[in-house]
Amino acid sequence: MSDGPATGAGDVATRAMPALRFGLARPEDVAALTGLEQLEAILRGDLPAPPMAATLSFWIESVGEGSVEFRGEPEAGFLNPMGTVHGGWAMTLLDSALGCAVHSTLRPGETYASLGTEVKFLRPLLPSTGQIRCTGTIVSRGQRTATAEGRLTDLAGRIYASGTTTCFIQAAEGRGTGTPPG
């Protein structure tokens, strides 16, 4: 994709996937940070982006408290037998944006887990669709649960899928180290 602006009414500028460092942050590097500070550190390159973002060609474009925007590049390698981008790619992009909207509200020492995510597909994605924009926004944030909603659109604003999630919020103590089993 080019770095130049997209064309058409309501379009958002297309941006190339930024050069990111991928991996997992060490627990001691994030323990004192809010969720928003963690996500901002990924954007700046101070913390690594999760490895799955490289595999699936998507990234965080912007973040604020309770909201996030991801961008993604649907590729031919994501096609299903019917010749459209597999719904799992769209679902994962939505799940990431929804989860990061919740993540952006975490206090230091909190973590979350998805309780359930629902996605509605509205039109098929193709590699020719071009760059995709996925937004996630908090609907409700309590002490133990949070809900978020999101939309997957092309850069002209046409909607391809929408989704919601509910997440369980808990203290990070007793959780794993973030290191994959080995």
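1. In this predicted model, the charged end of R123 sits over the ring of Y160, at 5.4 Å from the ring centre.

2. The sheet is open and has six strands, paired antiparallel in the order β1-β2-β4-β5-β6-β3. Its edge strands are β1 and β3 (residues 110-121), each of which pairs on one side only. On average, and with direction ignored, neighbouring strands are turned by 20 degrees against each other.

3. One pairing can be given in detail. Strand β5 (residues 145-154) runs antiparallel to strand β6 (residues 159-171), and nine bridges join the two. For T153, the bridge partner in β6 is I159.

4. Which strands does helix α4 touch? The helix packs on the sheet and is in touch with β1, β2, β3, β4 (residues 132-141), β5 and β6. The direction of α4 makes about 140 degrees with that of β3.

5. The aromatic pairs come next. A pair of aromatic rings is described by the distance of the centres and the angle of the planes. The count here is two aromatic pairs. F58 and F70 form an edge-to-face pair, with 5.8 Å from centre to centre and 70 degrees between the planes. This pair links distant parts of the chain: F58 belongs to strand β1 (residues 58-64) and F70 to strand β2 (residues 67-72), twelve residues apart.

6. Are F58 and F70 buried or exposed? F58 has a relative accessible area of 1%, so F58 is buried. F70 is buried as well, because its relative accessible area is 5%, which falls under the 20% cut-off.

7. F78 and W89 make up a stacked pair, because their ring centres are 5.7 Å apart and their planes lie at 20 degrees, under the limit of 30 degrees for stacking. This pair also links distant parts of the chain: F78 lies in the loop between β2 and α4 (residues 87-103), while W89 is in helix α4, eleven residues apart. Both F78 and W89 are buried.

8. The last point concerns A25, which is placed in the segment before α1 (residues 27-30). Which residues are in contact with A25, if neighbours within four places in sequence are left aside? They are V30, L47 and P48. A25 and A49 are 24 residues apart in sequence, and their C-alpha atoms are 8.4 Å apart in space.

Terms used. Residues numbered from 1 in each chain as written. Predicted model: local features only at pLDDT ≥ 70, side-chain atom pairs only at ≥ 80, totals over all residues. Heavy atoms only, no water. Phe/Tyr/Trp six-rings, centres within 6.5 Å; stacked < 30°, edge-to-face > 60°. Helix = DSSP H or I, 4+ residues; strand = E, 2+ residues; numbered from the N terminus. Buried < 20%, exposed > 50% of the residue type's maximum accessible area, 1.4 Å probe, protein only. Lys NZ or Arg CZ within 6 Å of the ring centre and 35° of its normal. Pairing = 2+ DSSP bridges. Axes fitted to C-alpha atoms, helices over the stretch in contact; angles between N-to-C directions. Contact = heavy atoms within 4.5 Å.
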